[in-house]
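Colleague: Could we go through this model together? I would like to begin with the terms and then take the helices in turn.

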Amino acid sequence: MADMRLAAVAEAFRRLRDANPNPTTELEYASPFQLLVAVVLSAQATDKGVNIATRKLFAAAPTPEAMADLGENGIAEYIKTIGLFRNKAKNTAQLSRLLVERHGGEVPNDREALEALPGVGRKTANVVLNTIFGEPTMAVDTHIFRLANRTGLAPGKDVLEVEKRLLRRIPKEYLRDAHHWLILHGRYVCVARKPKCDECIIRDLCLYKGK
């Protein structure tokens, strides 16, 4: 797959920014801890489904202390509509306890410390570092992986290669919000089966042969 020219990459993000100047996650949260839990729960689940479950979960247990007290079985009752809920309940209970024990109940601004928490991998850590702490990280999910390869923005054979190439190829002024623009574009326009090329604001820049 060919690479989109760097000038076209910059123009693509200029258009995405003009269309949506303040993008954000569609997950609902009221604190860094709640975002961390929501992202852990969102693996192989929709943001909409996670939000329905977490509205009641966060009302019952808004803090790491309260979540740890609720425990694995208590958490499972609130999230059983979400895929893999038993394992996610276990991870959420454990990461809540570790936040209290290791970090005074605060979400750490540190990749290594985040990835040491149960259920938190590189992608989840990137979402938290970007959304909460404003770091120019790139959490490559299935939408971004597909879009980066399909359009020529940053083709790569795996998510880590795509992540590193996006960080190199996207102009610095766009990096803070690039993750959100790409997820939203992949979720609603550059969809998996039948991309909506006629609605796409970067169609003329894109290298997808099927457009």
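Modeller: A residue is called buried under 20% relative accessible area, exposed over 50%, and partly exposed in between, with a 1.4 Å probe and protein chains only. The model is predicted, so local features need pLDDT of at least 70 and side-chain atom pairs count only at pLDDT 80 or more, while totals for chains, interfaces and linings use all residues. Residues are numbered from 1 along each chain as its sequence is written, and side-chain values use heavy atoms, with hydrogens and water left out.

Colleague: Is H185 buried or exposed?

Modeller: H185 counts as buried because its relative accessibility is 7%. The residue lies in helix 10; helices (H or I, at least four residues) are DSSP runs, numbered from the N terminus.

Colleague: Which residues is H185 in contact with, leaving aside its neighbours within four places in sequence?

Modeller: They are L16, L147, C190, C200 and I202, where contact means heavy atoms within 4.5 Å. As for R165, its C-alpha atom is 18 Å from that of H185, and the two are 20 residues apart along the chain.

Colleague: What is found at the start of helix 9?

Modeller: There, a side-chain oxygen of D158 comes to within 3.3 Å of the backbone nitrogen of L160. Within helix 9, the residues V162, E163, R165, L166 and R169 are buried. Their packing partners are helix 1 (6-19), helix 7 (122-131), helix 8 and helix 10.

Colleague: Changing topic, how do the axes of helix 4 and helix 5 cross?

Modeller: The axes of helix 4 (residues 64-79) and helix 5 (residues 85-103) cross at roughly 180° and come within 8 Å. Helix 4 is therefore roughly antiparallel to helix 5, a term for angles over 145 degrees. By class, their contact has 11 nonpolar, 3 polar and 6 charged residues. Here Ala, Val, Leu, Ile, Met, Phe, Trp, Tyr, Cys and Pro count as nonpolar, Asp, Glu, Lys and Arg as charged, and the others, Gly among them, as polar.

Colleague: Where does Q94 lie?

Modeller: Q94 lies in helix 5 and is partly exposed, with a relative accessible area of 28%.

Colleague: What about N51?

Modeller: N51 is in helix 3 (residues 47-60) and counts as buried at 5% relative accessibility. Beyond its neighbours within four places in sequence, N51 is in contact with E26, L27 and E28.

Colleague: Which residues does UniProt list for "domain: HhH-GPD"?

Modeller: The unreviewed UniProt entry lists residues 41-188. Over that stretch the chain is 70% helix and 0% strand, with the end C-alpha atoms 21 Å apart.

Notes. Helices (H or I, at least four residues) and strands (E, at least two) are DSSP runs, numbered from the N terminus. UniProt positions are given in the numbering used here, feature names are shortened, and annotations may be inferred rather than shown by experiment. Axes are lines fitted to C-alpha atoms, for helices over the stretch in contact, and angles run from 0 to 180 degrees between N-to-C directions. Angles under 35 degrees count as roughly parallel, over 145 as roughly antiparallel, 65 to 115 as roughly perpendicular and the rest as oblique. A polar contact is a pair of N or O atoms within 3.5 Å; within protein, one must be able to donate a hydrogen and the other to accept it, and residues adjacent in sequence count only if both atoms are side-chain atoms.
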